[in-house]
Amino acid sequence: MSASPSTPSASALPSHVRALVIGGGLVGCSILYHLCKLGWTDAILLERDELTSGSTWHAAANLHGLHDNNNISKLQYYTMRLYKELEAETGQSCGVFQPGSLYLAQTRDREHQLRIQAAKARQFGVDFHELSRAEAEEKNPLVDFDGVRCIMYEADGGNVDPSGVTMAYAQGARRMGARIERFCAATATTQQPDGSWIVKTPRGTIHTQVLINAAGLWAREVGRLAGIDLPLQPTEHQYLVTETIPEIAAIGRRLPSVADRDGEYYMRQEGLGLLVGAYEKDVRLWSRDATPLDFGHELFPDDLDRISENYLRACTRVPALENAGVKRVINGPMIWSPDAAALYGPVPELRNYWCCNGIIPGFSQSGGLGSMLAQWIVEGEPIYDMFPWDLARYGLEWTPKSFVEARVVDSYSHRFKIHFPYEERDAGRPVRTRPAFERQKELGAVFGLNYGWEHPLWFAGKGRTGSETYGFERQAWFEEVGRECAALRENAGIIDVSNFGKYEIAGKGARQWLDRVVANRVPAEPGRSCLTPLLGVRGGIAGDFTITMLGEDHYYMVGSGMAERYHQRFFNAVERPETVSFRSLTADRAGFNVAGPKARELLQRLTNEDLSNHAWQFMRSRRLRVAGVEAIGLRVSFTGDLGWELYCAEADQLALYDALLQAGGDLGAIPVGSRSLLSLRVEKGYGSWGREYSPEYWPQEVGLDRLIKDDKPDFLGRDAWLRLKEKAPREKLVVFEVETPHNADAAGGEPVFDLAGKPVGRVSSGAYGHSVGKSLALGFVRADLAEAGAEFDIAILGLPHRAKLLAEPPFDPQGARLRG
């Protein structure tokens, strides 16, 4: 990066620090502050210009608490509460205004969304409740509520002063001993052999143990100094502030903001006028290759025509706006990730390099981001599972510029669009496909995206084109999923599991190395497999894997595909002998799960191997030829039914797929998608990484404690587990049968209440169990309430749905079919 602007007189830089933050915007200052709060006061922040340069200074700085993700909601409410504490601590005003926010629903789906949020608010103990039209008119008499189906009020909604908040973080950090150096650009970052970093500036170099990229608009440039490309893209964004509106001046109090997401604009009071902004369809990308290094407090020329349609809708909702003069227009840059969520966490390919970039609702999230990143740096892991923000959700190999730009355009232009359960966005796809992709399209496959890979969600049938729809209620594909589930449970199904994460570990010492990574004892006999958890720093479930011994010093491991880059951090944490090789086979190998009562008969037609239960038992594996294709076969099935997973070279995928479909045709075997797999695993009570298995959950809470062999001398998370193992579970993972009078099933995230209305848990996964004829949910409840037959209310669509806790999974609870 170029030299900094003209520099005021400054003291000498320290030669060594414990942590160095690059970027003096809102988030960088929050990270510095929270590091100091955890005792890391030997820290410095470098800012190439003034604090708040870039996108912080011109932000609208609105506040909102609720989010589709429960953990992000918790952190947003933490952030909103923090600002007043910062004012008291530092004496620096944050300009906090919290007159509340009115959320409007013009459609049935938006009403569902708001009622879901209201139920979650009860779970979190925050004030988000429904108002009558008369009550809403009393709070904000300027709003015309015609056409509005539902109005919710968030008492803590409002806005802050962007510069005030940033300066409060900075002042708090300085008071605790941290340094902030303005007009001091980072021009080079070089990793040292011990994992530390040398950071070069025009004023000298600094040796730091930990390096944090919080460079905002310049995050890409700072990342490139370390040799990484971050999937980020800036856009222009506009809002305007009106002149004084007489009606507002006459009211004499601060009015609640208006969140009319269906109108695709946002609005709040600013002075005695209104601030109105929009995320328009005519998206303007900016600085597609690199952000200019001399950019700072500049703005772009006004272009109000781009947001005219949005503004006219705002005028219809608030008629007083129509005749208001425009006082000023802000058209400035924002930098986006492909899904508009933060890119946060340690970069797996580097040591001691952390990122916190691409934050859009920064003033609702700055405290949470700073707190979680500081916890991760200082304590080794945040207290919450923050995978929705984790930069590891994107792989370096499948986020080309074309994908990033297409997804950013989609995210920006649909900023206020409802994110429905199971929703897939088409922008930028496909990125990565397998050889069977076109054949699956011929069979009517509707595809989803999993860590860059296209994979079948469900099948409309040969020669038909499936049409994907979304909503909070059951969709048209509900019937197709039912058809697939019935075929598998009655006959056989063929599920493409190529997107599972797959690894090969080989060489002298392979077993010993794996035993130091995972918590179960790794198989010592060829042909045997084991299920094993991977434990996090705090002893929670960081992953779950199936490990198979193929031969002497040769192992095959299967885990979550979307967590492959996330898990790379854990694999890197255990030093591997030079004699042991570890490589990902996810791109090189494809896989199918052949499952159902006729799975054995189907496969026996294609192989000379003896597939009888006596010859090939559950949790055993071997190499075999299937229809002439070399494969690794595992006697496991995530469906909970009789089945095998077959893994072959990717080049052989189509031949194997065609052979399986042809051999199973007269048996009633059909292709089955991942939506059906969800239903099938929930019937069996099987947990899944990212839903039931998370670093937040203790092994004894999810039933995986039986797989931990703590008599092994050393493995990741062992010490933390030993501290946890004697503790009673805080909550338990259970299966619910749910009454569904509203044609909707649980999807995950719904609060669970006792019959007195007290929050006691939450749903982690939900689906209709087609083969058992029940709406089901997996979820967590307080351990003292986890009794078979106990009744609860689950807030599906935000409304209470009576649920009964089942003593055992409704499908094959004893595993007779699975092991038969």
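## Helix and strand packing in a predicted model

Residues are numbered from 1 along each chain as its sequence is written, and side-chain values use heavy atoms, with hydrogens and water left out.

**The helix pair α2 and α5**

- The axes of α2 (residues 70-90) and α5 (residues 162-175) come within 10 Å and cross at roughly 50°, where helices are DSSP runs of H or I with at least four residues, and strands are runs of E with at least two, numbered from the N terminus.
- An axis is a line fitted to C-alpha atoms, for helices over the stretch in contact, and angles run from 0 to 180 degrees between N-to-C directions.
- The crossing of α2 with α5 is left-handed, a term used if the near helix is turned anticlockwise from the far one by less than a right angle.
- In contact (heavy atoms within 4.5 Å), L82, Y83, L86, E89 and T90 of α2 meet V165, A168, Y169, Q171, G172 and R175 of α5.
- Sorted by class, this contact of α2 with α5 has 6 nonpolar, 3 polar and 2 charged residues, with Gly counted as polar and Tyr as nonpolar.

**The closed barrel**

- A closed barrel of 6 strands runs in the order β32-β35-β34-β33-β36-β37 with antiparallel pairing, and two strands pair if DSSP finds at least two bridges between them.
- Within the barrel order, β34 (residues 759-769) and β35 (residues 774-782) pair in the antiparallel sense over 8 bridges, and G769 has K774 in β35 as its bridge partner.
- Helix α17 (residues 674-684) lies across β34 and β35, running at about 125° to β34.

**The open sheet**

- An open sheet with mixed pairing is formed by 6 strands in the order β28-β29-β30-β27-β21-β31, and its edge strands, β28 (621-626) and β31 (670-672), each pair on one side only.
- Neighbouring strands of this sheet are turned by 30° against each other on average, direction ignored.
- Strands β21 (residues 493-496) and β27 (residues 589-595) run antiparallel and are joined by 4 bridges, with F592 in β27 as the bridge partner of D496.
- Helix α16 (residues 653-664) packs on the sheet, and its direction makes about 15° with that of β27.

Note on methods. This is a predicted model: local features need pLDDT of at least 70, side-chain atom pairs count only at pLDDT 80 or more; totals for chains, interfaces and linings use all residues.
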